[in-house]
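User: I am new to this structure and would like to know what the labels on it rest on. Please take me through them one at a time.

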Amino acid sequence: MRALVIETPGRFSVTEVPDPAPGHGEVVVRVDAVGICGTDVHIVDGEFPPTPYPIVPGHEFAGEIVASEVAGWRAGDRVAVDPSLFCGACHYCGLGRGNLCERWGAIGDTVHGAMAEYVAVPAANCYRLPDELPMAHGALVEPLSCAVHAFDRLPRTLGAHYLLYGAGTMGLLMTQLARTAGAASVSVVDVNTDRLPVAARLGADAVAVDAAEFERPQGWEVVIDCTGVVAAIEDGLTRVRRGGTYQQFGVAPGTATAALSPFRLYNDEITLVGSMAVLHSFGRAVELMATGAIDADTMITHTFGLNEFDEALRTFRDGVGRKVQIRPGRA
């Protein structure tokens, strides 16, 4: 089969590799669609420390099972796949916090992934897709499941006012979920002005390149950073109203630091919340995608074949469009 292989950081090619065979408890999935995200870029650049090279990336994907000896699964089943690989035995897994697993792994991050024609995956990680749901939409389930987990970490407050930094894929997913979660208003900031009209179309009440443009002197009950950019993080920390919540959802570089006021944290009773990947949220993301809670057609803007990965990667780096996907079966 053909697969995109990252041999070493910065060096990759599409090459022929052996077809995968299902191991114990595994099925083989023919990959229909796989998304590119920031983690894939970090893997290409050698900035994701758990990654062993060479590796086939790709952790946001959907496809059809073509080989299975696992009860309950058969060839022809349409699935989205949770890439999470938790050990199930460490302290955090014992607490039900597998996303903090001491031996954390993920398909496409620490083992071969879905930027290939076929991939072997644990059957337990597969979630059925409704027949009417396009496979490309199914490949959006993984990032959506990260956003669902992020909302699990936030306070349940109907009528809250939200401020989101970033109108890329994750920011737009969070914008749509905020509306579903009963926000009174959603304001979105992004320095890329081309993204702002899309955020407004998908549910933002107000958009701007700088939060200072919004007239809300008391601040917002919920402020969420979806960028990982230190300047945006530091600005967002100043925008939380007294008694409010700030969430770090965007992935910043591991060595990055941001300034905050410990006195204000104490005096204004600000809650700081992190959100790491997926936890008990994948199935609910499938349900939300199937019910149309997310405008998937608007989210997906670019599709490439495996041989076009270099162009797809440039498109992602340039911030053009929104979700960029690879279709391995495409010539």
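Analyst: Strands are DSSP runs of E with at least two residues, numbered from the N terminus. His161 has its place in one of these, strand S10. The model is a predicted one.

User: What does His161 touch, leaving out residues up to four places away in sequence?

Analyst: Contact means heavy atoms within 4.5 Å. By that test His161 touches Ala184, Ser185, Arg216, Trp220, Glu221 and Val222. Its C-alpha is also 8.8 Å from that of Gly219, a residue 58 places away in sequence.

User: Why is the pair Arg216 and Glu221 called a salt bridge?

Analyst: The label asks for a side-chain nitrogen of Lys or Arg within 4 Å of a carboxyl oxygen of Asp or Glu. The closest N and O atoms of Arg216 and Glu221 are 4.0 Å apart, so the pair counts as a salt bridge. Both residues are buried.

User: Which salt bridges does Arg239 form?

Analyst: One is with Asp235, where the closest N and O atoms are 3.1 Å apart. Another is with Asp210, at 4.0 Å from N to O. Arg239 lies in the loop between H7 and S14, and Asp210 in the loop between S12 and S13, so this pair ties together parts that are 29 residues apart in sequence. A search of the whole structure finds 17 salt bridges. Elsewhere, Asp152, Arg156 and Arg284 are linked in a network of them.

User: Why is Arg239 called partly exposed?

Analyst: Buried means under 20% relative accessible area and exposed means over 50%, with partly exposed in between. Arg239 has 21%, so it falls in between.

User: What makes Met276 part of a nonpolar patch on the surface?

Analyst: A patch residue needs over 30% relative accessible area and no salt bridge, and nonpolar side chains are joined within 5 Å. Met276 has a relative accessible area of 37%, so it passes the cut-off for area. The patch consists of Tyr92, Leu95, Leu100 and Met276, with about 350 Å² of accessible area together. Met276 itself lies in the loop between strand S15 and helix H9.

User: How do you know that the buried residues of H7 line one face of the helix?

Analyst: Those residues are Ala232, Ile233, Gly236 and Leu237. Seen down the axis of H7, they fall within an arc of 130 degrees, so they line one face. Among the elements covering them are strand S10, strand S13 and helix H8.

User: Where do the buried residues of H11 fall, seen down its axis?

Analyst: In H11 the buried residues are Phe309, Ala312, Leu313 and Thr315. They fall within an arc of 160 degrees, so they too line one face of their helix. They pack against several elements, including strand S1, helix H1 and strand S17.

User: What makes a set of residues a nonpolar core?

Analyst: Its members are buried nonpolar residues joined through side-chain atoms within 4.5 Å. The largest such core has 44 residues, and Leu144 is one of those with the most contacts inside it. Helix H4 gives the most to this core, with seven residues. Apart from it lies another core, of 36 residues, including Ile43 and Cys126.

Conventions:
Residues numbered from 1 in each chain as written. Predicted model: local features only at pLDDT ≥ 70, side-chain atom pairs only at ≥ 80, totals over all residues. Heavy atoms only, no water. Patch = residues over 30% accessible without salt bridge, like charges linked within 9 Å, V, L, I, M, F, W, Y side chains within 5 Å. Areas by Shrake-Rupley, 256 points an atom, 1.4 Å probe, with all protein chains shown as cover. Helix = DSSP H or I, 4+ residues; strand = E, 2+ residues; numbered from the N terminus. Buried < 20%, exposed > 50% of the residue type's maximum accessible area, 1.4 Å probe, protein only. Arc of directions from axis to C-beta.
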